[in-house]
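Please look over the sequence and the structure below before reading on. The briefing that follows takes one topic at a time.

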Amino acid sequence: MTSSSPARPPVASTPSDAKVALGWLHTAKFLTTAPELKHLPRLDVPEIAFVGRSNAGKSTCINTLTQQHRLAFASKTPGRTQSINLFSLGKQGVTDAVLADLPGYGYAAVPKEAKYRWQQVMGNYLQTRDNLKAVVLLCDPRLGLTELDEILLDVLRPRVEDGLKFLVLLTKSDKLNKTEAAKALSIVRLQAGGGDVKLFSSLKRKGVEEVAQHLWDWAHPPEKPAKKPKAEPAAEAAAGDED
């Protein structure tokens, strides 16, 4: 597998509002598709993966965040697409981050063999992808986190403990009233082990700017200040010791 690591520009300052983050997401372009991990290019820029069950609204979410109607393609037959799709992000043609669209899982009509193969591919990706910095799990709040979602959380837990960013988006939240939305948030927060959970609606654009800001911050972490060298003993103090 050949290396394909685009040069990364200097880290930009954090934007004061979500407009810069949304403008950055609008630069998204198709990079490559990979049916297996060995086909993924090696990258040294931050990668943010979107995962979720079929029909959770993943493709719609990505298209809404990037303000592009057909960047992430939703198959007419849920569960049919079984490849990882990568999209590059960055202004002036310089890639500074990548979005990874992982196929939806859990669709009943998919043959067991295909389900098992894909579960292995996705599990290996989430556990071993070196430049993976964050995962966004999409969930229909009317269903809550399913058994497959919880299995995915178990796979991610060691990496989250090591610093991987993680966010659960409750999509299609426009279908809930305030009481239902509050209840769904409370339940999923417990299921996610206290992880970050937010309401999202592509139709009402609920949570769009907030999520865009999260993606920007994950891809552009502030640089840690260099450690100051230890101060040398004062010349006069040394002189005093000689007296």
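This is a predicted model: local features need pLDDT of at least 70, side-chain atom pairs count only at pLDDT 80 or more; totals for chains, interfaces and linings use all residues.

**Helix α2**

- Helix α2 spans residues 58–66, and because eight of its nine residues are buried, it is largely enclosed by the rest of the structure.
- The residues of α2 that are buried are Lys-58, Ser-59, Cys-61, Ile-62, Asn-63, Thr-64, Leu-65 and Thr-66.
- Directly after α2 comes Gln-67, which has a positive phi near 55°.

**Helices α1 and α6**

- Helix α1 (residues 18–25) packs with helix α6 (residues 208–219) at an angle of about 75°, and their axes lie 8 Å apart.
- Since an angle from 65 to 115 degrees counts as roughly perpendicular, α1 and α6 are therefore described as roughly perpendicular to each other.
- On the α1 side the contact is formed by Ala-18, Val-20, Ala-21, Leu-22, Trp-24 and Leu-25, which meet Val-208, Glu-209, Ala-212, Gln-213, Leu-215, Trp-216 and Ala-219 in α6.
- Of the residues in this contact of α1 with α6, 11 are nonpolar, one is polar and one is charged.

**The sheet**

- Seven strands form an open sheet with mixed pairing, in the order β1-β3-β4-β2-β5-β6-β7.
- At the edges are β1 (29–34) and β7 (196–199), each of which pairs on one side only.
- Within the sheet, β2 and β4 pair in the parallel sense over four bridges, and Ala-49 has Ala-100 in β4 as its bridge partner.

Terms used. Residues are numbered from 1 along each chain as its sequence is written. Side-chain values use heavy atoms; hydrogens and water are left out. Axes are lines fitted to C-alpha atoms, for helices over the stretch in contact, and angles run from 0 to 180 degrees between N-to-C directions. Helices (H or I, at least four residues) and strands (E, at least two) are DSSP runs, numbered from the N terminus. Angles under 35 degrees count as roughly parallel, over 145 as roughly antiparallel, 65 to 115 as roughly perpendicular and the rest as oblique. Contact means heavy atoms within 4.5 Å. Ala, Val, Leu, Ile, Met, Phe, Trp, Tyr, Cys and Pro count as nonpolar, Asp, Glu, Lys and Arg as charged, and the others, Gly among them, as polar. Buried means under 20% relative accessible area, exposed over 50%, partly exposed in between (1.4 Å probe, protein chains only). Two strands pair if DSSP finds at least two bridges between them.
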